[in-house]
Amino acid sequence: MTGNPGIAPPGLPADREFSEEFSRLHVQARDWIDSYYDRDHMLRARDWILFLEPDAPESLIFAAMTHDLERSVPGGPVLDKQNMSWDDITYNTAHCERSVNVVGDWLREHDASDEFIEGIRTPIREHEFGGSPIGNIMQAADSISFLECNGPLVANWVLSGDCTLEKGLEKLHWMRDRVLLERGREFASQQCDAALAEVDRRLSGGST
Ligand SMILES: [Fe+2]
Ligand SMILES: [Fe+2]
């Protein structure tokens, strides 16, 4: 897992008990997400949820660790990284709504309760723009985790020609500046600084 120094990595709280339903789905989802290219980002989003909100509902924790999974199913919306805005409303809305459906369908196939399935909808739907109190926690965790994990990904976009360096850095700044949850902003800022340094290092010839 990629991580940046300076912040102790938050983990699952040892003093919290989880329901049988959540524990079962958590184990099954770990298998599901294992092959996803950005798995670490989703797992760290889960961890940041628990750091920002130790008593977070189980459905919010689950939403965090699955929130981008529509991208694992072919046929989804596509963002032109160079020519579209990172906050493109049409793309991001389609991405969020499709993830709600993909994760909801998976939960239904794995015998999750209606209440649990309902609980993942708002945080996944709002993970890019926030909106509700629970959506704002989800959005902060998504931003902080993206910045923590994905400096190398953004550097690869630039190196492979998907977008210019200027556009890649715009993505990192957007992930930092969009955070609505006040107590998440400091962490987003710290992780953004580390991500910017990581991009710079990789584009200067460093690879690991
Ligand atoms: Fe997303
Ligand atoms: Fe994400």
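Predicted model: local features only at pLDDT ≥ 70, side-chain atom pairs only at ≥ 80, totals over all residues.
Me: Is Ser143 buried or exposed?

Reply: A residue is called buried when 20 or more other C-beta atoms lie within 10 Å of its own. Ser143 has 30 such atoms within 10 Å, so it is buried.

Me: Which residues does Ser143 touch, leaving aside those up to four places away in sequence?

Reply: Ser143 touches Met175, Arg176, Arg178, Val179 and Ala188.

Me: How far apart are Ser143 and His41 in sequence and in space?

Reply: The two are separated by 102 residues along the sequence, and their C-alpha atoms are 9.6 Å apart. For the chain as a whole, 70% of the contacts with a separation of 6 or more join residues 24 or more positions apart.

Me: Now the wider view, please. How many helices and strands are there?

Reply: The chain has 9 helices and 0 strands. Its radius of gyration is 16 Å, close to the 17 Å that the globule rule gives for 208 residues, so the chain is as compact as a globular protein of that length. The C-alpha trace spans about 50 × 40 × 30 Å along its principal axes, and 38% of the 208 residues count as buried.

Me: What does pLDDT say about this chain?

Reply: pLDDT is the predictor's confidence in each residue, from 0 to 100. Here the mean is 92, and 93% of the residues reach 70 or more. Over residues 1-11, though, pLDDT stays under 50. For that stretch the model has 19 contacts beyond four places in sequence.

Definitions and conventions: Residues numbered from 1 in each chain as written. Chains lettered and ligands numbered in written order. Helix = DSSP H or I, 4+ residues; strand = E, 2+ residues; numbered from the N terminus. Rg over C-alpha atoms; globule rule 2.2 N^0.38 Å. Buried ≥ 20, exposed ≤ 12 C-beta atoms within 10 Å, placed from the backbone. Contact = placed C-beta atoms within 7 Å.
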